[in-house]
Amino acid sequence: MSDITVTTLAERPHLQGAMDEMPETWNEFVRHDLVGWSHYPRIADELPDYTLVATDGSGAVVAKAMSVPFALNAPGRGELPPGGWARVLQWAFSDLKYGRTPDTVSAIEISVANGQQGRGLSHTMLGAMRDNARARGFSEVVAPVRPNAKHLEPLTPIEEYALRVRDEDGLPTDPWLRGHVRAGGVIEKVAPVSMCVNGTLAQWREWTGQPFDKGGEIEIPGALVPVHCVPERDYAVYVEPNVWVRHAL
């Protein structure tokens, strides 16, 4: 894609507004993870060297990639956390506050503008994220991957889903996991509590357009697993599993 230019936000800070306003396809409920709500907006402001932005020939923002450096080998850590996406955000900004030297970069999000899918931009941004980390002296990128076809099988255990491979080439059946493996990533394990969204039934109705009028496990569009609904206590909780992938650089 010769018309695509990818740089860090630090190199083109004037694009932050357009990047923030880039039309995306995320489901509304995903935006209400409290850890993400607290920390995600800080990435572009405080870590612009780890925020990548892509523009097309007209200068329009067509994709972005957010990552964070953190100290995986700090005392009390050492392993990729079961808390996945949310935990690594907490670690990264704790390390930034207390001056810990990072040793690893974690992917946080790769997002393609609505209408730009199918051009291979997500793979371009993954490669750019790897290159950016390597250029900054890191030897590894990790990613709490949100498998992008898992929502079609919300009742399938993530442990089973993550290990499925195609007969013809042995690559993962999930398209986004397959993209990571093709780029050099290795699936390590599941992060069972990578994201948590909780809210009242009224909030869930607003976020999803679903009735939320019965208890138990409720399947909703875009969710990787069912939402647990407790009508008598007026709340529902979504706990999303992701898949940890390691990229040696």
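**Reading the model**

Student: Does phenylalanine 212 count as buried or exposed?
Tutor: This is a predicted model, so local features need pLDDT of at least 70 and side-chain atom pairs count only at pLDDT 80 or more, while totals for chains, interfaces and linings use all residues. Residues are numbered from 1 along each chain as its sequence is written, and side-chain values use heavy atoms, with hydrogens and water left out. Buried means under 20% relative accessible area, exposed means over 50%, and partly exposed lies in between, with a 1.4 Å probe and protein chains only. Because phenylalanine 212 has a relative accessibility of 2%, it counts as buried.

Student: Where does phenylalanine 212 lie, and what is its phi?
Tutor: Helices (H or I, at least four residues) and strands (E, at least two) are DSSP runs numbered from the N terminus, and phenylalanine 212 lies in the loop between helix H8 (201–208) and strand E7 (216–218). Phenylalanine 212 is a residue other than glycine, yet its phi is positive, with a value near 45°.

Student: Aspartate 234 also has a positive phi; what is its relative accessible area?
Tutor: Aspartate 234 is in the loop between strand E8 (227–230) and strand E9 (235–248), and although it is not a glycine, its phi is positive, about 60°. Aspartate 234 is partly exposed, because its relative accessible area is 40%.

Student: How many aromatic pairs does a search of the whole structure find?
Tutor: Rings of Phe, Tyr and Trp (its six-membered ring) pair if their centres lie within 6.5 Å; planes under 30 degrees apart count as stacked, over 60 as edge-to-face and the rest as tilted. With that rule, the number of aromatic pairs found in the whole structure is 6.

Student: How far apart in sequence are the parts tied together by the pair of phenylalanine 29 and tryptophan 204?
Tutor: The ring centres of phenylalanine 29 and tryptophan 204 are 6.0 Å apart and their planes stand at 35°, so this pair is tilted. Because phenylalanine 29 lies in the loop between helix H1 (16–20) and helix H2 (34–39) and tryptophan 204 in helix H8, the pair ties together parts whose separation in sequence is 175 residues.

Student: Which residues do ring pairs link into a cluster?
Tutor: Phenylalanine 29 and tryptophan 204 are both buried. Ring pairs link these two with others into a cluster, whose members are Phe29, Trp204, Trp207, Phe212 and Tyr238.

Student: Which residue in E4 is the bridge partner of valine 68?
Tutor: Two strands pair if DSSP finds at least two bridges between them, and strands E3 and E4 pair in the antiparallel sense over 8 bridges. Strand E3 (residues 61–70) is largely enclosed by the rest of the structure, because 10 of its 10 residues are buried. In E4, the residue that partners valine 68 is serine 106.

Student: With which residues is serine 106 in contact, leaving aside its neighbours within four places in sequence?
Tutor: Serine 106 lies in strand E4 (residues 104–112), and its relative accessibility of 0% is why it counts as buried. Contact means heavy atoms within 4.5 Å, and with those neighbours left aside, the contacts of serine 106 are Met66, Ser67, Val68, Phe70, Val88, Val142, Pro144 and Trp244.

Student: Which glycine in the turn between E2 and E3 has a positive phi?
Tutor: Strand E2 (residues 51–55) pairs with E3 in the antiparallel sense over 5 bridges, and threonine 55 stands opposite valine 61 in E3. The two strands form a hairpin with 5 residues between them, and the turn residue with a positive phi, of about 95°, is glycine 59.

Student: How far does helix H4 reach from its first C-alpha to its last?
Tutor: The expected span of a helix is 1.5 Å times one less than its number of residues. Helix H4 (residues 84–98) has 15 residues, and its reach is close to the expected 21 Å, with a value of 21 Å.

Student: How far apart in space are glycine 84 and proline 144?
Tutor: Glycine 84 lies in helix H4 and is buried, because its relative accessible area is 0%. Glycine 84 and proline 144 are 60 residues apart in sequence, while their C-alpha to C-alpha distance is 5.7 Å.

Student: What percentage of the 249 residues in the protein chain is buried?
Tutor: The protein chain has 8 helices and 9 strands. Of its 249 residues, the buried share is 50%.
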